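Okay, thanks everyone. Let me put the structure up and walk you through what I looked at.

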Amino acid sequence: MAITGSGSLAISLVLFVISVAFLPKGAAETLTVEGQNLATDNVSVIEGETATISCRVKDNDDSVIQLLNPNRQTIYFRDVRPLKDSRFQLVNFSDNELRVSLSNVSLSDEGRYVCQLYTDPPQEAYADITVLGRCDGASVNRRTALNITPVRARVFPPGNPMIESREEMVSEGNETELTCTAMSSKPAASIRWMKKGEELTGETTVEETYDRMFTVTSRVRFSVTKEDDGVPVDCIIDHPAAKDLLAQRQLDVLYKPEVKIVVAYPNGLTREGDNLDLTCIAEGKPHPRRIIWLRVDEDMPPHAVVTGHDLYIENLNKSYNGTYRCVASNAVGDAYDDYALYVYDAPTTIPTPTTNPVNTQDPRAGEGAPQKIDHAVIGGVVAVVMFAILCALIVLGRYFARHKGTYFTHEAKGADDAADADTAIINAEGGHNNTDEKKEYYI
């Protein structure tokens with residue numbers, strides 16, 4: 001019996017449908033694997049209008065493309081329409097695309113349509129058709145002319161999102177998991193995660209319920225640190241019928257203690273005979289339940305006293321040199337801080353001199369501190385004395401200079417003509433009687 005071309009095509013179609021029916025369930029429901037070359041898009045359409053579904057193939061190797069309805073009935077096999085529904089019409093068919101239009105869409109047409117590429121194994125991509133309601137029966141042309149946005153009577157926003165955590169508290173360095181759910185929405189909502197201004201990548205699943213509504217669940221996993229304690233994580237819901245819809249959860253992170261040793265006394269060097277007072281500061285979550293003081297590799301000095309967070313050692317000597325450690329612990333772990341003790345020699349004391357030098361030391365200094373002679377003061381005193389002596393010499397010099405004079409006297413006249421000295425004296429005018437008239441002149 002001869003078989004025509006159309007008959008052979010029909011037989012091939014029947015064989016293909018039968019082979020698809022007996023494929024393993026997992027293969028038929030699994031989304032396309034990484035590296036696939038089949039793609040499609042979701043479609044939203046107003047009730048009564050036309051929806052277009054496009055199955056696109058990249059780098060097709062002559063594999064067969066077909067389109068299935070939500071009941072997995074073949075709508076188009078290549079360019080042939082086995083389904084007896086004239087509302088489906090072929091728009092374009094090529095090696096790289098199968099495009100089909102669905103006119104006069106009704107609510108019953110909603111669902112997930114399957115683009116299938118007949119390879120080994122078959123590849124699938126899914127297009128969800130969402131039907132939106134009309135606006136009081138007005139025509140689309142009239143709404144467009146009046147610039148009226150169609151009312152999406154069958155668009156339902158999701159309920160308030162809920163965040164659940166795998167554990168109430170998580171220790172630093174471990175991984176936590178958060179789950180956010182947006183229930184009973186139409187179309188399906190999308191979920192985003194935000195933490196400290198950065199978007200986190202989650203795994204999203206969409207489930208269609210019996211009443212053609214959608215429940216979307218997203219899970220996110222990440223490791224936490226001590227700095228994440230108290231940080232909020234936001235689950236943000238994006239939906240055409242809802243704005244600013246989010247849920248928030250603060251992280252509760254446990255971390256081991258942070259330990260620091262503080263020297264309460266002394267303020268400077270530790271010397272022999274001094275006392276030592278150390279304080280251990282420990283913070284963690286939960287708060288450290290135990291504080292331990294120890295001396296690394298050696299026993300504690302006999303004079304050491306531990307009181308809570310404090311370590312007190314009196315009358316230090318060089319045998320106490322070593323490393324002292326404060327260890328704090330909580331439910332997460334242990335941590336410690338070390339203090340290296342080195343005891344210096346006690347300060348030496350200079351013997352007190354027999355004379356009392358000028359003491360310029362601060363009277364607040366401790367007893368036994370060495371006495372220091374201020375040579376600057378002694379130099380100043382000597383300078384003052386020398387200056388006084390110099391001034392006295394200057395004054396005496398001026399005094400004697402002012403009282404120095406020249407003396408003029410009247411000698412006996414005629415002495416030059418006298419034969420001898422006696423005659424000269426006798427012949428002098430006035431003789432001895434004139435001696436009282438002698439005058440002196442001072443210059």
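Before the numbers, one term: when I say two residues are in contact, I mean they have heavy atoms within 4.5 Å of each other. And keep in mind that this is a predicted model. With that in hand, take the contacts between residues at least 6 apart in sequence: 61% of them join residues at least 24 apart.

On to the overall make-up. We've got 25 strands and 5 helices. The protein has 443 residues, and 31% of them are buried. Its accessible surface comes to about 28600 Å², with 52% of that belonging to carbon and sulfur atoms.

So what's inside? The largest nonpolar core has 24 residues, and the ones touching the most other members are Leu 67, Ile 75, Phe 88, Leu 98, Tyr 113 and Ile 129. Several strands give two or more residues to this core, including S4 (64–68), S5 (74–77) and S9 (123–132). If you zoom in on Leu 67 and skip its neighbours within four places in sequence, its contacts include Ile 53, Cys 55, Ile 75, Leu 98, Val 100 and Tyr 113. There's another core apart from that one, made of 21 residues, among them Leu 200, Phe 222, Ala 242 and Leu 251.

Now the outside. There's a nonpolar patch on the surface, with about 700 Å² of accessible area together, formed by Val 377, Ile 378, Val 381, Val 382, Val 385, Met 386, Ile 389 and Leu 393. Val 385 from that patch sits in helix H4, residues 375–402.

How values were computed. Residues numbered from 1 in each chain as written. Predicted model: local features only at pLDDT ≥ 70, side-chain atom pairs only at ≥ 80, totals over all residues. Heavy atoms only, no water. Helix = DSSP H or I, 4+ residues; strand = E, 2+ residues; numbered from the N terminus. Buried < 20%, exposed > 50% of the residue type's maximum accessible area, 1.4 Å probe, protein only. Areas by Shrake-Rupley, 256 points an atom, 1.4 Å probe, with all protein chains shown as cover. Patch = residues over 30% accessible without salt bridge, like charges linked within 9 Å, V, L, I, M, F, W, Y side chains within 5 Å. Salt bridge = Lys/Arg side-chain N within 4 Å of Asp/Glu carboxyl O. Core = buried A, V, L, I, M, F, W, Y, C linked by side-chain atoms within 4.5 Å.
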